[in-house]
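Dear colleague,

I am passing on the structure we spoke about, and below it you will find my notes on what was found. Please read them with the model open beside you.

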Amino acid sequence: MDYVYGPGRNHLFVPGPVNIPEPVLRAMNRNNEDYRSPAVPVLTKILLEDVKKIFKTTSGTPFLIPTTGTGAWESALTNTLSPGDRIVSFLIGQFSLLWIDQQQRLKFDVDVIESEWGQGANLDVLASKLASDIGHTIKAICIVHNETATGVTNNLATVRKLLDKLSHPALLLVDGVSSICALDFRMDEWGVDVALTGSQKALSLPTGMGIICASPKALEASKTAKSVRVFFDWNDYLKFYKLGTYWPYTPSIQLLYGLRAALDLIFEEGLDNVIARHGRLGKATRLAVEAWGLTNCTQKEEWYSDTVTAVVVPPSIDSAEIVRRAWKRYNLSLGLGLNKVAGKVFRIGHLGNLNELQLLGCLSGVEMILKDVGYPVKLGSGVAAAAAYLQNTIPLIPSRI
Ligand code: PLP
C-alpha cells in the first residue's frame with residue numbers, strides 16, 4: 001500500500017498542495033514523449049501564451065521551470081539583482097520569513113519591514129523608506145501577495161501607487177504562490193516586475209513546476225544582474241524560445257499536459273469566476289469561524305485571505321492536536337500552525353479546484369474535532385452560517401448554463 005488508507009475521499013484542506021481534478025489526472029496519465037519532436041514545442045508555445053492570462057499580462061515573458069515556489073523565488077531574485085543590492089522585504093509570516101532568509105543567503109542587503117503575524121505588510125513604513133531614498137538605492141521590493149501561514153493578503157495596488165508617486169524605479173517582485181489563479185492578481189495593471197507561483201497551489205497540479213513571469217523591465221535588469229545563476233538562468237530559456245524548441249533541458253511531459261488541462265478548466269469556468277468562487281469560499285469559512293466563536297489570525301478585514309484562513313484556538317487547546325485528530329479520525333487534512341503560531345492556529349486551505357459543498361464537508365469535520373478537543377461548539381453552527389451565505393450566493397455553474 002503506497003499511502004495510509006482511509007475510506008472515502010481524503011478531505012484535503014491544507015493550503016497547498018491541493019486536490020488535482022480528474023481531467024488533469026487523466027491528462028497526465030501518459031507516456032513520456034521526445035521533447036525534441038515537433039509536438040512538444042507546439043504544445044509549449046500555446047501554453048506560454050495561455051499562462052500569461054493567469055497573470056493578467058500581455059507584456060510579460062513566462063518561464064515554466066521544473067522547481068517549486070522556493071526555486072521560483074530564487075529565479076526571480078538571481079535573474080534581476082546583484083549581490084549587495086539593497087532590497088526591501090516584508091516579514092509577516094513563515095513564507096515571507098523563508099523568502100527573506102533566501103534573500104540574505106543570496107547576499108542581498110535586505111531591509112526588513114516586520115509586522116506582527118496576522119497583520120499585512122506595513123506600507124506606511126515602505127512609503128517613508130521610499131520617500132527618503134533620494135538616491136534610489138533600493139533596487140527591489142519583495143512582497144508575498146498572500147502569506148499562507150497567517151492568511152493575510154497584501155495590497156499590491158497600493159505598493160505600485162507608492163512607487164509611482166515617487167517615480168521610484170525599484171523592481172516589484174511578487175510571490176503569488178497562494179494567490180495567482182485564485183485571488184485578484186493583475187501583473188500589468190499593478191506594474192509587477194516578476195510574479196511567480198507553484199503548480200501545486202491554485203492551479204491544482206502536482207508539485208514540480210515553478211511558473212514565473214517577467215516584465216520587460218525585469219528582462220532588461222537580467223542583462224546586467226550579476227547574481228550567479230545556472231539552472232534558473234532565464235537567458236537559457238530565452239535562447240531556446242528564439243530557436244522555437246523552447247526547452248534548455250528536459251521538461252516533464254506529464255506536467256505540461258497537466259498544465260494544459262488545468263488551464264482549460266480555469267478558462268472554461270472563467271478566471272474571474274474562479275476568483276469569485278474563491279471569494280465565496282473565503283467568506284463562508286470566515287462566517288463559520290465567527291459562528292464557532294473563534295477568531296481569525298488575520299487582524300483586519302482588509303487583509304482577509306480568500307485562499308486560506310488561519311483559525312486561532314483558545315490557549316487551553318493545542319491546534320496541532322486538531323490537525324492530528326482531523327486526519328486520524330475524519331480523514332480531513334488541515335494545515336498546521338507554523339513557527340510563531342505553531343500550536344496556536346490551524347489553517348483551512350480553500351484554494352484550487354474546490355467547490356462549496358466540499359468546503360461544507362470540511363467545516364462539519366472541524367466542528368466535530370473542536371468538540372472532540374473540548375471546545376464548546378454547537379454542532380452545525382458554522383456549517384449553517386456558511387450554508388446560509390452560500391445558498392444565497394452560489395451562481396449556476398458557468399459551463400452548465
Ligand atoms: N510562498 C508561499 C506564499 C507559500 O505558501 C509557499 C509554500 O507553501 C512557498 C512560497 C514555498 O513554496 P514551495 O514549498 O513550493 O517551495
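In these notes Ala, Val, Leu, Ile, Met, Phe, Trp, Tyr, Cys and Pro count as nonpolar, Asp, Glu, Lys and Arg as charged, and the others, Gly among them, as polar. Please keep in mind that this is a predicted model, in which local features need pLDDT of at least 70 and side-chain atom pairs count only at pLDDT 80 or more, while totals for chains, interfaces and linings use all residues. Residues are numbered from 1 along each chain as its sequence is written.

With those classes, the shell around the ligand has three nonpolar, seven polar and one charged residues. The residues around the ligand are G16, T68, G69, T70, F95, V144, T148, D175, V177, S178 and G198, where a residue is near a molecule if its C-beta atom, placed from the backbone, lies within 6 Å of it. G16, one of these residues, is joined to P17 by a cis peptide bond, with omega near 0°. P17 itself is found in the loop between strand 1 (11-13) and helix 1 (22-28); helices (H or I, at least four residues) and strands (E, at least two) are DSSP runs, numbered from the N terminus.

The domain assignment, which is automatic or taken from a database, divides the chain into domain 1 (11-18 + 270-400) and domain 2 (22-267). Their C-alpha centres lie 27 Å apart, and 28 residues of domain 1 are in contact with 27 residues of domain 2, contact being counted when two C-beta atoms, placed from the backbone, lie within 7 Å. On the side of domain 1 that touches domain 2, the elements that give two or more residues are helix 10 (271-291) and strand 12 (308-312), and helix 10 provides the largest share, four residues. That side has 14 nonpolar, eleven polar and three charged residues.

Separately, an unreviewed UniProt entry annotates residues 72-312 as "domain: Aminotransferase class V"; such annotations may be inferred rather than shown by experiment, and the positions are given in the numbering used here. The end C-alpha atoms of residues 72-312 lie 30 Å apart, and the span is 40% helix and 19% strand.

Turning to the sheets, two strands pair if DSSP finds at least two bridges between them. An open sheet of seven strands has the order 2-10-9-8-5-3-4, with mixed pairing. Its edge strands are strand 2 (61-66) and strand 4 (109-114), each of which pairs on one side only, and the twist averages 20° from one strand to the next. Strand 9 (194-198) and strand 10 (209-214) run antiparallel and are joined by five bridges, with T197 having I211 as its bridge partner. Helix 4 (94-105) lies across strand 3 (86-91), strand 4, strand 5 (138-144) and strand 8 (171-175), running at about 160° to strand 3; axes are lines fitted to C-alpha atoms, for helices over the stretch in contact, and angles run from 0 to 180 degrees between N-to-C directions. In the loop between helix 4 and strand 4, K107 has a positive phi of about 75° although it is not a glycine.

An open sheet of three strands has the order 11-12-14, with antiparallel pairing. Strand 11 (295-296) and strand 14 (345-349) each have a single partner strand, so one side of each is left without a neighbour in the sheet. Five bridges join strand 12 to strand 14, and V311 stands opposite F346 in strand 14. Helix 10 packs on this sheet, touching strand 11, strand 12 and strand 14, and its direction makes about 10° with that of strand 12.

With best wishes
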